[in-house]
Amino acid sequence: MTIQRMDNVGIVVDDLDAAIAFFTALGMELEGRMPIDGSWAGRVVGLDGMRSEIAMMRIPDAPGKLELVRYHSPTAIIPEPSVAPANTLGLHRVMFAVDDIEETLTRLRPHGAELVGEVTRFEDVFLLCYLRGPSGIIVGLAEQLT
């Protein structure tokens with residue numbers, strides 16, 4: 001038995017419109033948006049009375065999707081601390097390869113992006129950085145230099 005593919009990564013957000021705008025500014029496209037509810041959905045995620053809305057974001061002409069989820073019921077749980085440091089257990093970050101890190105940061109800052117640390121060079125191979133997006137999501141950017 002083998003894995004066929006990774007379909008998507010799911011991220012819970014508190015403002016779906018802001019998250020869509022952020023990932024659109026990054027260069028993704030909105031593939032679709034829809035409400036998800038009903039007993040079948042609650043059984044899948046283990047939440048009684050679950051009502052949510054999802055937005056599926058895709059990378060144009062490439063594999064890779066993000067499923068952004070806003071829970072209406074039950075409401076999302078805010079972790080403590082709400083802005084968790086990079087060494088927090090669980091989903092750490094989503095990394096994207098980009099053509100130009102500085103230009104990408106310029107596009108994302110109006111959407112609330114803030115560097116976690118700084119843009120750093122790894123040998124002569126990559127420029128790398130982590131930034132925070134909507135709902136405290138940590139996004140990694142990598143620009144290949146060679």
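Buried here means under 20% relative accessible area, exposed means over 50%, and partly exposed lies in between (1.4 Å probe, protein chains only). By that rule Phe22 and Phe23 are both buried.

This is a predicted model, in which local features need pLDDT of at least 70, side-chain atom pairs count only at pLDDT 80 or more, and totals for chains, interfaces and linings use all residues. Residues are numbered from 1 along each chain as its sequence is written, and side-chain values use heavy atoms, with hydrogens and water left out.

## Confidence and overall build

The predictor's confidence in each residue is given as pLDDT, from 0 to 100. The protein averages 91. A score of at least 70 is reached by 99% of the residues. Helices (H or I, at least four residues) and strands (E, at least two) are DSSP runs, numbered from the N terminus. Among these elements, H1 has the highest mean pLDDT, 97. Helix H2 (residues 39-45) has the lowest, 88. Where pLDDT is low, predicted coordinates should not be read in detail.

The protein has 3 helices and 9 strands. Along the sequence they follow the pattern β-α-β-α-β-β-β-α-β-β-β-β. The C-alpha trace spans about 50 × 40 × 30 Å along its principal axes. Of the 146 residues, 31% count as buried. The accessible surface comes to about 9,400 Å² (Shrake-Rupley method, 1.4 Å probe; for residues, only the protein chains shown count as cover). Carbon and sulfur atoms hold 55% of that surface.

A contact means heavy atoms within 4.5 Å. Of the contacts with a separation of 6 or more, 55% join residues 24 or more positions apart.

## The nonpolar cores

A nonpolar core is a set of buried Ala, Val, Leu, Ile, Met, Phe, Trp, Tyr and Cys residues joined through side-chain atoms within 4.5 Å. The largest has 27 residues. Those with the most contacts inside it include Phe23, Phe96, Val139 and Leu141. Seven elements each supply at least two residues: H1, strand E3 (51-58), strand E4 (65-73), E5, H3, strand E8 (126-132) and strand E9 (138-144). H1 gives the most, with 7 residues. In soluble globular proteins, nonpolar side chains tend to be buried together.

Val139 shows how the parts meet. Leaving aside neighbours within four places in sequence, Val139 is in contact with Phe22, Phe23, Val94, Phe96, Cys129, Tyr130 and Leu131. A second, separate core of 6 residues includes Ile36, Met50, Ile54 and Tyr71.

Thr104 sits in helix H3 (residues 101-108). Thr104 is buried, with a relative accessible area of 2%. Beyond neighbours within four places in sequence, Thr104 is in contact with Leu26, Val98 and Leu141.

## Aromatic pairs

Rings of Phe, Tyr and Trp (its six-membered ring) pair if their centres lie within 6.5 Å; planes under 30 degrees apart count as stacked, over 60 as edge-to-face and the rest as tilted. The count is 2 aromatic pairs. Phe22 and Phe23 are edge-to-face, 5.0 Å centre to centre with 85 degrees between the planes. Phe23 and Phe96 are tilted, at 6.4 Å and 55 degrees. Phe23 lies in helix H1 (residues 16-26) and Phe96 in strand E5 (residues 94-97), so this pair ties together parts 73 residues apart in sequence. Phe23 is buried at 0% relative accessibility. Phe96 is buried at 10%. Ring pairs link Phe22, Phe23 and Phe96 into a cluster.

## Salt bridges

A salt bridge is a side-chain nitrogen of Lys or Arg within 4 Å of a carboxyl oxygen of Asp or Glu. The structure holds 8. Among them are these:

| Salt bridge | Closest N to O |
|---|---|
| Arg5 and Asp7 | 2.5 Å |
| Glu29 and Arg58 | 2.7 Å |

Arg5 is exposed at 57% relative accessible area, while Asp7 is partly exposed at 44%. Arg33 lies in strand E2 (residues 29-37) and Asp17 in helix H1, so their bridge ties together parts 16 residues apart in sequence. Arg33 is partly exposed at 35%, and Asp17 is partly exposed at 49%.

Glu29 lies in strand E2 and Arg58 in strand E3, so that pair ties together parts 29 residues apart in sequence. Glu29 is partly exposed at 33%, and Arg58 is partly exposed at 28%. Salt bridges that share partners join Glu29, Glu31, Arg58 and Lys65 into one network.
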